[in-house]
Amino acid sequence: MKKRLAIAFTLIFSIVIAQGIGAWLTGSLALLVDMVHSLVDSTGLLLALVAATLMNRPPSKRHTWGFRRAESLAALGQGALLLGVALYAVVEGIGRIANPPHVDAQQMIWFALVALVLNLAAMAVLHADRDTNLNMRGAFLEVLVDALGTIAVIISGILILTTGFAYADTIAAFIIAAMIVPRAIILLRSAVRMLMEFTPEGLDLEEVRECLMTVEHVIDVHDIHATQIATGLPVLTAHVVVSDECFETGHAVGILEELRTCVADHFDVSVKHSTFQIETASFTADEPREIFHDYGG
């Protein structure tokens, strides 16, 4: 995975250099915005590469989960940078509407074609690992949208060259900005959900409670919490109330195994890292029960 990220970073940074030279020579806003977009993408790939390296560090006494959350921080940074690029494209594009500058469409097309080839090469490198984790998915999406943006630059160049429509360059810049925003929001939403320790998407805690309540000798289940430590690592904690005699007869250990089996068979949760606190009714008699509230999202 790290090798693929390193190759993709080299390819995308090559695009930054090519498009930077092209934007300077041609005066194209679309090529400039796409260059900044590629620069953000290369930065994102570098962050993803750093995160992938940190994620492989083993847990320690100070970092019990290792650096698994590094992917969330990297994705948060990528999303914020992309929103900044989109805002810049809109502001600069509005400024050019009143007085569109001359754009060398022929050179613009050639530089965009070089960028497109490099983009496609980077996509091919990242394709196999695109669903490995949040970082790899974000990196692949960055390169994909960058390729679409480059196609928009090529089309605008062809329109300017064949029809003389000077606004095509500015319109292409707006299109690239419009493609950037949804991807940035998706990355930010996923990263924030993980960092805020929201319940993993697709996991219904009421259904989890009902499943645990089916285990023999279980009287009540309360204080259920679920969070996503990293991609592929959703964990669960719950307090499980059992009959007092279970501790006298030795059933408690068997109940624990049944609880783990119940969760493993019905839900996408890492049982290895999940925790079930087995307790008696008398032990929790005076403790307030934590219940679920619907906040609408």
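**Aromatic pairs.** I looked up ring pairs in this predicted model and, by the rule for ring centres within 6.5 Å, the count came to two aromatic pairs. I noted that Phe9 and Phe13 form one that is stacked, at 5.9 Å centre to centre and 25° between the planes; stacked stands for planes under 30 degrees apart, edge-to-face for over 60 and tilted for the rest. Both residues lie in helix 1 (residues 2-26), four residues apart, about one turn of the helix. Helices (H or I, at least four residues) and strands (E, at least two) are DSSP runs, numbered from the N terminus. Phe9 counts as partly exposed at 23% relative accessibility, and Phe13 is partly exposed at 36%. Here buried means under 20% relative accessible area, exposed over 50%, and partly exposed in between (1.4 Å probe, protein chains only).

**Basis of the entries.** I number residues from 1 along each chain as its sequence is written. In this predicted model local features need pLDDT of at least 70, and side-chain atom pairs count only at pLDDT 80 or more, whereas totals for chains, interfaces and linings use all residues; side-chain values use heavy atoms, with hydrogens and water left out.

**Salt bridges.** I next looked up salt bridges (a side-chain nitrogen of Lys or Arg within 4 Å of a carboxyl oxygen of Asp or Glu), and the count came to three. Glu201 meets Arg189 at 3.4 Å, N to O. Glu201 lies in the loop between helix 6 and helix 7 and Arg189 in helix 6, so this pair ties together parts that are 12 residues apart in sequence. Glu201 is exposed at 56% relative accessibility, while Arg189 is partly exposed at 44%. Glu201 also meets Arg193, at 4.0 Å, N to O, and I recorded Arg189, Arg193 and Glu201 as linked in a network of salt bridges.

I then turned to Arg209 and Asp220, whose side chains meet in a salt bridge at 2.7 Å, N to O. This pair links distant parts of the chain, with Arg209 in helix 7 and Asp220 in strand 1 (residues 218-230), 11 residues apart. Arg209 is partly exposed at 26% relative accessibility, whereas Asp220 is buried at 16%.

**Met196.** I found Met196 in the loop between helix 6 (168-195) and helix 7 (205-213). Met196 is exposed, with a relative accessible area of 51%. From Met196 to Gln228 I noted 32 residues in sequence and 9.3 Å in space, C-alpha to C-alpha.

Terms used: Rings of Phe, Tyr and Trp (its six-membered ring) pair if their centres lie within 6.5 Å; planes under 30 degrees apart count as stacked, over 60 as edge-to-face and the rest as tilted.
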